[in-house]
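Notebook open, model loaded. I'm jotting down what I look up as I go.

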Amino acid sequence: MVDINLSQPPFSLLDEKGRQRVRDGVDLAYFNESEVILDAGQPGEHVFLIHKGEVAEFDLNASDRERRIGHYTAGDLFGAISILNGVSRYRFQAEQESLCYLLPRRLFEDICTAYPAFDDYFRQHLAEKARHVLERRAEGGMSMARFMLARVSECMREPVVVEGHTTIAEAVTQMRERHADSLLVSHARRCGMVTKTDLLDALVQQGLPHSAEVGGIAHFTLITSHADDYLFTALVSMTRHEVARVVVMEGAQAVGVVELTDVLGYFSSRAHAVSLQVEQAEDIEALARASARLPQLIQTLMAQGVKLRFAMELLAALNGRIIHKAFRFLMPEERQSQSCLLVMGSEGRGEQILKTDQDNALILADGSDWPGIEAAMQGLTDTLGRLGYPPCPGNIMVSNPQWVASESAWRGKIARWASSRDPDALMNLAIMLDAHAIAGNASLLEGLREHLFARGSHDELLLSYFARGVLRYSTPLTLFGTLKRPEHGIDIKKGGLFPIVHGVRTLALERRVTATSTFARLDALVDDGRLDRPFADDLGEAMSLFSELRLRQQLENLEGNDTSPEPNHVVVQRLSGFERDLLREALHTVKEFKQRLSQRFHLEY
């Protein structure tokens, strides 16, 4: 029996009996430097797991510069696809003296048959691989990860529906008999909701009689979800909209209700404790105490295997509530309806995890007058600093008068930026495209966004200049398609995240996509027919991978490890073989995306 480490994917997908079959069935083979281990066109007879040495992968049909497409080191495996396809498409050649474990084809096929998850591992695209890792974490007993995969249908209650002419007395009886905290109200072809609190307010505060109809006190603006949505998104919606329940819809029909108490009964999370502390804050000091808990929450979420996209959405909702409440505490109520506070950059896209620099602006309604606005905005900037949001190094903040203007003035700025097309103007357009209304009158931003789309979506020259930003940073792959491995690490933000974010932003401008999140923009571009679903999924998973690797490094830096590289740098040598494989595939996805954008917007010229 050979002593072999089978703790990493895909062998971790096997049970102990399956891993024992591997140990009993493998041989150990030696290959000289430059020896061809598996040649193109050769039938696949073994899966090779490298114990020691390095192996290069070559596409013999490519040009000399592009022939080398892969690089494998200790812990990596190759040859499985050759067995599945019948013959090898590529050549695998030892770059130095190498020792490899050989898993025979027949045994490999038998194990694939016995263990479907193991078989699926070799047939999956990047997006499916990354998703599979999360599912395996959940099966491993991580309660938070299991919660992240739960669906709304697992936690929703059957709705209790009454007609609009139902009296308050009858509604109270219905609630008591059905043990419900809310009722759905069908009234004038609309669906509304009435809660225990609504009924109590109607009787005590408004003095309505018991015979009053619930159709007159119901709320008809509902926060909705779908049965197959993730349960976690329902929690995010409750946090963002300050509600304790969402209505589950199937088409135009209400099929269920998810109560906050149900979600917390399904899973009691620290996320809700922080959310509750934010909502209960009555002043800036209390808000600062709640805000200070976010880094610890992030570490908990990541340690428990939370899918990064969901963690981003939750943190965006919590950050949004914190900034919203700070604005509300500081600004006179009459000013709030005449203005709109915007957050931009990663905060506007809802893609920050750790607190980022302040990137914000203010829109003033035309004709409004706000004496002393400069002092008010400086106070807001200072307060956000106290809440843990450091000043923007580029001074893109409301304390800078250039980022506070009326609707008309903002339209003029956008027109000038679109006409000049210089680097600063293009950066400002990108910032404005990512803007998200966080407080005040959100309709002010909607009008500006439409103006931006009208000015830029059909301007081919502007789009070409705008898209050129994706080529600003090189992809950290060698000429031979392998990962670069500088000692200080590769800049995953410039080489991986930025090209995806800005490329998708460019397509969103072209197609007038109003969403600001990169993930939401990808979904909209698929619906629009601009991107195919498999490639959009690969872009989304590549972005999640880059973000997770970057966050891991940032959290390590927070712990004060002096040997850590820069926050945006990932040292390839510290990654597992599986992570290196995912990272290489993800960067090749980025490279392909750049090529598609170059063709669409003629960037080669």
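How many of the seven residues of strand E14 (residues 253-259) are buried? Five of them are, so I call E14 mostly covered; buried means under 20% relative accessible area, exposed over 50% and partly exposed in between, with a 1.4 Å probe and protein chains only.

**Ground rules**

I'm working on a predicted model, where local features need pLDDT of at least 70, side-chain atom pairs count only at pLDDT 80 or more, and totals for chains, interfaces and linings use all residues. Residues are numbered from 1 along each chain as its sequence is written, and side-chain values use heavy atoms, with hydrogens and water left out.

**Whole chain**

I find 25 helices and 20 strands in the protein chain. Helices (H or I, at least four residues) and strands (E, at least two) are DSSP runs numbered from the N terminus. Of the 605 residues, 52% count as buried. I also looked up contacts, meaning heavy atoms within 4.5 Å. Among those with a separation of 6 or more, residues 24 or more positions apart account for 71%.

Strand E13 (residues 245-250) pairs with E14 in the antiparallel sense over six bridges; two strands pair if DSSP finds at least two bridges between them. Met249 has Ala254 in E14 as its bridge partner. The two strands form a hairpin with two residues between them. In that turn, Gly251 has a positive phi of about 70°.

**Sheet with E1**

Next I traced an open sheet of four strands, with the order E1-E8-E3-E6 and antiparallel pairing. E1 and strand E6 (77-78) are at the edges with a single partner strand each, so one side of each has no neighbour in the sheet. E1 pairs with strand E8 (residues 98-104) over five bridges, in the antiparallel sense. Leu28 stands opposite Tyr101 in E8. Helix H3 (residues 105-114) lies across E3 and E8, and it runs at about 60° to E8. For such angles, axes are lines fitted to C-alpha atoms, for helices over the stretch in contact, and angles run from 0 to 180 degrees between N-to-C directions.

**Sheet with E2**

I then followed another open sheet of four strands, in the order E2-E7-E4-E5, again with antiparallel pairing. Its edge strands are strand E2 (36-38) and strand E5 (68-72), each pairing on one side only. On average, neighbouring strands here are turned by 30° against each other, direction ignored. Strand E4 (residues 55-58) and E5 pair in the antiparallel sense over four bridges. Glu57 stands opposite Gly70 in E5.

I stopped at Leu38, which lies in strand E2. Leu38 is buried, with a relative accessible area of 3%. The residues Leu38 touches include Pro43, Phe48, Tyr90 and Phe92. Leu38 and Arg91 are 53 residues apart along the chain, yet their C-alpha atoms are separated by 5.7 Å.

**Aromatic pairs**

My search of the whole structure gave 12 aromatic pairs. Rings of Phe, Tyr and Trp (its six-membered ring) pair if their centres lie within 6.5 Å; planes under 30 degrees apart count as stacked, over 60 as edge-to-face and the rest as tilted. Phe31 and Phe48 are an edge-to-face pair, 6.3 Å centre to centre with 65° between the planes. Phe31 lies in strand E1 (residues 27-31) and Phe48 in strand E3 (residues 46-52), so the pair ties together parts 17 residues apart in sequence. Both Phe31 and Phe48 are buried.

The rings of Trp403 and Trp417 have centres 6.1 Å apart and planes at 35°, so I noted the pair as tilted. Trp403 is in the loop between helix H17 (373-386) and strand E17 (404-406), and Trp417 is in helix H18 (residues 407-420), 14 residues apart. Both Trp403 and Trp417 are buried.

Ring pairs also link Phe31, Phe48, Tyr72, Phe78 and Phe92 into a cluster.

**H19 on H21**

Last stop: helix packing. Helix H19 (residues 423-433) and helix H21 (residues 460-467) pack at an angle of about 90°, with axes 10 Å apart. That makes H19 roughly perpendicular to H21; the cut-offs are under 35 degrees for roughly parallel, over 145 for roughly antiparallel, 65 to 115 for roughly perpendicular, and oblique for the rest. Which residues meet there? From H19 I listed Leu426, Leu429, Ala430 and Leu433, and from H21 Leu462, Tyr465 and Phe466. By class, this contact has seven nonpolar, no polar and no charged residues. Ala, Val, Leu, Ile, Met, Phe, Trp, Tyr, Cys and Pro count as nonpolar, Asp, Glu, Lys and Arg as charged, and the others, Gly among them, as polar.

Definitions and conventions:
Lists of a residue's contacts leave out its neighbours within four places in sequence.
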